[in-house]
Amino acid sequence: MNESSRDEPGFGDISASSSPADHSTASLPLSGHPVSADAETLGASDAKGGPTATSKSANSTVASSAATGSTSEPGWERAVLEKLAFASLNEQRAARRWKIANRMIFLFLFLLMLWLLFRPSHPGTATPQKHTAVVSIRGEISSDSEAGADLVLAAAREAFENTEAQAVVLLIDSPGGSPVQAGIINDEIRRLKTLHKKPVYAVVEESCASAAYYIAVSADRIFVDKASIVGSIGVLMDGFGFTGLMDKLGVERRLMTAGENKGFLDPFSPQTASQREYAQAMLNQIHQQFIAVVKAGRGKRLQETPDIFSGLFWTGEQAVQMGLADQLGSLGYVAREVVQAEALVDYTRTPNVAERLAKRFGAAVGAGAVRALQLQPALR
């Protein structure tokens, strides 16, 4: 009886040692809903290892689905999966759009930075109307400044070559500087105005002294303000001597040279009479060059006095009386009344950011090299 009852269909699938999870799984077909493969897997793992949090959660989900299955439409699982897939796809598209947008913004900023670094160092000069070209000379005149020959002459050449420019105005506000740079600019301005048959005017703002006046006399006429500082036609060479201080401190200068004048103008060595005479002769020669350039530029307009080439400077009003300048006038006055082309176009060139960085980097490298050489016995 017991053996036949165990062999009868429907009773052999459920044994007395079945776990609660087995009863739960076996009872699911009685509710009329199919059992999923995940549920069967969870049931199998539960039978082996006992009930777990995962199997309980899965069974709870299946039970909830079974409870609501009667009100759900057929194929709801497919609809949910499609919604999840479309949501994931939209999210990927949005992320891709943001990535493209970020790259475009980065590219724009990179191109803008390149433009700022390497843009032309002067404003555009293309203009359809007649105008007065302006080239500014400001600050100390030296090879590494904005008033150096390279930048000034590059702007001047462009101004002379533009057929719409009726005249070139040198707008000067400088205390002077290198006679070499001033001489280069003076010679080239005179050549350009002869080549292009175009008038050149110098307009002085605050000061036009020494090397700046050296440049100004290359113009056909010089206009000043009544309070401008003009003149200082002279040459100087300055320095310091520390020999007396070194004697008091008991410091000995050890300088070895090959050539008796190699240590000429060394601030830690005494200056001999012959060296002083040589330096003075050199200054006198450069001074005579300066005087010759002023006389050639001003001609008969110059009212020579014993002090005019002594290195003194004068106000703009005095300069007009002495023939150092022609008349009082500003940039606007010259453009409007003299050139009769009131439109102004600035051709002045300044180093761009890249050039300034390169110059600073070069200076830093040079300073490092100097420091490195100073660690060794100096040979100059």
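Predicted model: local features only at pLDDT ≥ 70, side-chain atom pairs only at ≥ 80, totals over all residues.
View 1. With a relative accessibility of 31%, aspartate 220 counts as partly exposed. Its partner in a salt bridge is lysine 193, and their closest N and O atoms sit 3.1 Å apart. The two come from distant parts of the chain, 27 residues apart: lysine 193 belongs to helix 7, while aspartate 220 is in the loop between helix 8 (211–216) and strand 4 (221–224). Lysine 193 itself is buried, at 17% relative accessible area.

**View 2. Helix 6 packing on helix 7.** Here helix 6 (residues 149–161) meets helix 7 (residues 179–196) at an angle of about 10°, with 10 Å between the axes. That makes the two helices roughly parallel, since angles under 35 degrees count as such. Look for Val152, Leu153 and Phe160 among the helix 6 contact residues, and for Ile185, Ile189 and Leu192 among those of helix 7.

**View 3. A salt bridge between arginine 157 and glutamate 188.** Their closest N and O atoms are 3.5 Å apart. Arginine 157 is in helix 6 and glutamate 188 in helix 7, so this pair ties together parts 31 residues apart in sequence. Arginine 157 is partly exposed at 33% relative accessible area, whereas glutamate 188 is buried at 13%.

**View 4. A nonpolar surface patch that includes phenylalanine 106.** Phenylalanine 106 sits in helix 5 (residues 76–118) and is exposed, with 60% relative accessible area.

Definitions and conventions. Residues numbered from 1 in each chain as written. Heavy atoms only, no water. Patch = residues over 30% accessible without salt bridge, like charges linked within 9 Å, V, L, I, M, F, W, Y side chains within 5 Å. Areas by Shrake-Rupley, 256 points an atom, 1.4 Å probe, with all protein chains shown as cover. Salt bridge = Lys/Arg side-chain N within 4 Å of Asp/Glu carboxyl O. Helix = DSSP H or I, 4+ residues; strand = E, 2+ residues; numbered from the N terminus. Buried < 20%, exposed > 50% of the residue type's maximum accessible area, 1.4 Å probe, protein only. Axes fitted to C-alpha atoms, helices over the stretch in contact; angles between N-to-C directions. Parallel < 35°, antiparallel > 145°, perpendicular 65-115°, else oblique. Contact = heavy atoms within 4.5 Å.
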